[in-house]
Amino acid sequence: MGNKFREEFVDSTVEEKRLKENRNHEKYWYRWGPYLSERSWATVREDYSYNGDAWSHFPFEHANARVFRWGEDGLFGVSDNKQFVCTNVALWNGKDCRLKERLFGLTNSQGNHGEDVKELYYYLDNTPTHSYMKALYKYPFKKAFPYEQIIEENGKRGFNDKEFEIYEIDGLYQEKETGDSPYFDVFYEMAKGDDNPDDLNFRLTIYNRSKKDSGELYVSPQIFFRNTWAWQGNKEKPILKRDDKATNLVHVAHEKYGHRQIVFQPSPGLFTENSDEQSDVDDIDPSLLFTENEPNLVKLFDNEKNPSEFCKDAFEEYLVNGKEDAVNPDNEGTKACAVYHFKNVPPGEYVTVRYKFTNDFESSIFHTDDSAVIDEDKFDTTFDNRAEEADNFYWRITPLPISDELKKIQRQAFAGLLWTKQFYNLTFDAWYNGDSSIKPSPPPNRANGRNKNWKHLYIEDILSMPDKWEYPFFASWDTAFHCIPFAMIDPDFAKRQLDLLTREWYMHPNGQIPAYEWNFNDVNPPVHAWAVFRVYKTERNLFGREDRVFLERVFQKLLLNFTWWVNRKDSDGNNVFEGGFLGLDNIGIFNRSEPLPTGGKLEQADSTGWMAFFCLQMLNIALELAKENPVYEDIASKFFEHFILISDSMSFEYLIDNTGESCQKIIKQNLWNERDQFYYDAISWGGPNREQIPVRSLVGLIPLYAAMTLEPKLLDQFPSFKKRVNWFIDNRPEIVDRNIASMTKRGVGERMLLSLVNEDRLKAILSRMLDETEFLSPYGIRSLSKYHEEHPFEMNVHGEQYIVKYLPGESDSGMFGGNSNWRGPIWFATSFLIIESLQRFYLYYGSEFKVECPTGSGDYLNLAEVAEELGCRMIHLFVPDENGERAINYGEYATFLSTDEHFKDLIPFYEYFDGDTGRGLGASHQCGWTALVAKWISDVGVSCVRLPRTARSSSNAASRGSTPFPEESNTNRIRRMARRKSAKSLINFTAAVLDLTEEEKQQYRIGAANSGLTPQTSGTSNKREEEIDEDLDNKSILDSKNPHKSESKIISSLKSKMRKFKFGEKDASEERESELT
C-alpha cells in the first residue's frame, strides 16, 4: 500500500479527532466512561476482616445496603474518572425479592469451579472516548430471578461436573414446552454531545421477547455520589435536589463539577390495540425518589441507629417491600432515581426511556409549567450520529474485506475491551490502618499481613480489568496483553496503562511490579517490556506517531524491574530462574508458589524462558533508543550478553570435578531432556542433585518465545554494539559454539538469530506442538499435552500422591481457587506469543524451512504459514460452523445459544477454552486478553477463508492425495486458500503481525524465497497502487464546522478507493492487505 493511502487513513474520522483533542488536552473526552465495577462486594479492597476472607466479609446480600469504601458497582455503570458522580440502571419485574441494581454471581466457595457471575449480559459497542456505548442485559419477567436455586444447584456439583448455568432453568429465558422467551432484552446506550464531552445522553430500549405473554417492568435509572465524606471527616457533602417546579429534573451539585442537571424524559406510552396515533396514549411519567448513600447498619448488623435516616437501600425498600417512608420526602439526598412503571408490556413490543445529564442545561433542557423536556428528535439524532461515527472508526481500523461475521466478532471484542475499564482505588495506608474518622480500626496484622510491604501504593486511576465481575482488579501480565488490541484503537490509553504500572506509586522501590490485589507479591511473567515495544511499534505503523519519550521513560523503570528479577529469582546466580506460579496457576505437579514438599528448589524452564524473552525485548528497545542516543548501545550490549548466558544455562550446567589431581569442568544437560526432546522443570537439591519433572506442558513451549533476528544493516548502524557482539563471538567460543543461539550461522538475508533453540530443537518441539495427539487442538495450542490423558504423571511424596493429568475443561481441584485450569485448555495470551515467535523464526529460516502441520498429515508448511494456521484455528473458536453453532457454546445448549434469533449474534469472550471442544470456560467476560482475537482478525481475517471451523487435520491427509488443484472439491479448494501466499506476501503478513516499519520490511524482503504456492506480485498490482497514490494528492480533512457530515464523505471516498484493490485475485498483491493491517 502506498504511503499516501496510509496517511489518508490517519485522523480521517471524528472519533480520531476526539482522541487528538484529548491527547492535546483541548477537551477531556476520557472524563466520563463505563468506570463502575460490576462487583465491588467481596473484593480485597473492601475486606476488613481478621482472617482475610473477602468473600464472607462483604457478601452480595450486603451490597444493596452497605456503603463501599473504595469504589462503586452497578448495572450499566457510568461515572467520571474519579467516580465522584455515578449512574447506573435498576430493574424490577414485580416478582424478584430484590431490586436488580447489580449483577449476581457465586462466591469462590459457592461455585464448583470458584467464583462465577450468573447473569446474561453482553457488550455490544464502545468507542475509545466512550462517545458511544451500547450493552445488553437479559432480564426474565415471568419468573422471579432464581438467586437461591443457582446457589443450591451449583452446591450439588463437584470439581468434575460442569457448572450450572442460568439459561438451563426452564421458563426463565426459554420455555421447553412452548419455545417461548419470557424475558426482556434491555438495550443500554450512552452518547456524548457533538462537541461537549460533559453532555451525556442515555437511552434504554427494552423489548419483550415473549410471543404470548405480557410483562410488568419497573425501570429505574439512578444517579448518586460515591461516599467520600464518611472517610474524609469534614469534607463538603455533595447534594442532589429535585427542581422546585419541574418534577422530572434533578440539580446535581458537587464541589468538583459545580452545578449540573439531569432530566428524565417522559417515556412514550404503549400503542393500544386500536390506536394509530401515539398521541392517543398517555406518556409514562417518571417518579423521582431520593435517599442517602449511607449504610443501613440497623438492618445489617442490628445497630441501634443508622448514620442517616435515609439509607442506600431505600429504593429497594420502597419498590419491592412497599416502605414509602424509606425515601426522603424533601426530595434531596446523595442518591436519586427516576422510576418508570410499565404495567403491561405486550408480547413483541418495546418501551423507551431517555434521560440526559449535562453541564449545558441552559441550551438543551427546556421548561414547561411542571416539567423539563428535551428535543427528542435532536436527542435521537445524536445517537444516530455517534453510532455512524463508531461504524466509520472501526471500518478505518480494519478496512479489509473480511466477512461480516469476523467484523462482528472483532467489533464486540473491542467493545468488551472498552467496557471493562474501571476506576480502581486503593490507598494502602488508609486500607491497612483504617480511616481516622472510622472506629474501631481494622484488626492488626489482618489477613496475615496481606500486602503489608506495599506501603507506597496510592492508586486512583482508570485501569483495564481482566473481567469487571470475576476479576475486578488489575493483574499486571493481563494488562500487558490488553494493551495490544488497545493499541489498535487507542494507543494513548495503552501507553498510559503500561506507564502506570512502572510509576513509583505502583512499582515497589525494589523494582517489582505489583501482581494483583490478592497478593501483590506474587510473580507474573515479565511481559511488560514486550508490550511496551509492541504498543510503540503499533502506534508508529497505524497512526504515524513515534512516542520515544514514552519508550525511554518506561524502559528506565524496566531496568529496575529486570534487576529485581535477577536479584530475587536467580538465587544462585547461575542464570536459571525460579519464579513461582508465573500466572500458570495449576500447571505444575506442585503448587509453584509454595515450598516444595520434596525440599530443594524448583528450577523453571518457563521462568528461565521468560527471562530470556525479557532480555531480548530490552535489547530491542535499547537498540531503538540507540538510534538517537548512542549511550543505549552499551545497554544493548549488556542485554545481548545476558541473553547468551541465560541461553547457555538453559541447557547446560557447569560442575567442577575436583576428585582427581586437577580440577575439570564438566558440562551436563540442564532443563533440556535429550531423550524426550523437550524442556522440563527440575527440582534441584544443590550440586549435581537434580531431577527433571517430565510433564509436557506449556512450560516446555515458553522457551520458543525468546527469539530475535539481527539484521546486518542494523549491526552496521551501531558500531559499538557490533564490536561487542564480535568480541563475544571471538573470545567466548566455548559458549558460542555450544550455544543454541544461532550466532555464527547466518540465515536468510545474512541475518543472525538470537534464540534459545537451535534448528534441531525447534523442529523437535514443533513436532510435539503440532501433533493433534499432543498440543495441537482444532482451536489452538493446549496448555498440557493430550499425551497425559492416558499417561498421567504421578509422584508420591511422604505418602501423599501428586498427579498431573490432561484436563481439557475445568480444573479438578481447588488450587488457586479452582477457577482456572492450565492442564489442557487453550489460553489466548500464551498462544499469541507462540504465534508471534513463529513469525520471528520465519524471518531467519525463510520459506524453505518447513515442518509437518499437523504432525502426521503429510502437509509441510513454513513457519509463517504455521502461524497463520494457528491464528485461524483460534479465530474459529468464535465462528459458527456449518450448523450455525459456535465452538465457545459447545454443549447441551449450543444450538439455543448459537441459533436463537436473540442470542446467535451475542459473543462472550471467555477466559480460556476447552482443549478438545473449544467450549468457553472461566470468566465469561474476559474481554482483556481474549480480545487479542481482534488483532488476529485484522492480521489473518482476509486469508482465513476456510469453511466454518475447518482445520487442517492429519486425518484428512490421505483424502487430499495429489489431486491437481483445478479438480479438487470446493471444500479442499477453500481449505487451501488459507495458505496460498507468495514469499513476499508472507513477509508482509509477518510484518503486520510484528508491526515492522517499511524500512524493516524492505530489509526482510532481501533474500526471501518464493514459497511455490502462488506467483509473486504482478505488474498490474503495482500499477494499480501507483494510480491510487496519484488519486490521493489532495488529502481530505475533517471540516471542523460539521465533522460528522465531512467524515461521512471521507469514509465513503476511502471505501470507494479500497474497492479498487482486487483482493484474492491472482494478479493482486497480498502485500496490500497486510500493510493496511
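In this predicted model, a network of salt bridges links Arg23, Asp492, Lys495, Glu539, Arg545 and Asp547. Two of these residues, Asp492 and Lys495, are also among the buried residues of helix H12. That helix spans residues 491-500. Nine of its 10 residues are buried, so H12 is largely enclosed by the rest of the structure.

Salt bridges in the model number 73. One of them joins the side chains of arginine 203 and glutamate 189, with an N to O distance of 3.0 Å. Arginine 203 belongs to strand E9 (residues 200-208) and glutamate 189 to strand E8 (residues 183-192), so the contact ties together parts 14 residues apart in sequence. Arginine 203 has a relative accessibility of 13% and counts as buried. Glutamate 189, at 7%, is buried as well.

Arginine 534 forms a salt bridge with glutamate 836, and their closest N and O atoms are 2.8 Å apart. Arginine 534 sits in helix H13 (residues 528-543) and glutamate 836 in helix H22 (residues 828-845), 302 residues apart. Arginine 534 is buried, at 2% relative accessible area. Glutamate 836 is buried too, with a relative accessibility of 1%.

A further salt bridge brings together the side chains of arginine 886 and glutamate 405, at 2.7 Å from N to O. Here the separation is 481 residues. Arginine 886 lies in the loop between helix H23 (863-875) and helix H24 (894-899), whereas glutamate 405 is in helix H9 (residues 404-419). Both arginine 886 and glutamate 405 are buried.

How values were computed. Residues are numbered from 1 along each chain as its sequence is written. This is a predicted model: local features need pLDDT of at least 70, side-chain atom pairs count only at pLDDT 80 or more; totals for chains, interfaces and linings use all residues. Side-chain values use heavy atoms; hydrogens and water are left out. Buried means under 20% relative accessible area, exposed over 50%, partly exposed in between (1.4 Å probe, protein chains only). Helices (H or I, at least four residues) and strands (E, at least two) are DSSP runs, numbered from the N terminus. A salt bridge is a side-chain nitrogen of Lys or Arg within 4 Å of a carboxyl oxygen of Asp or Glu.
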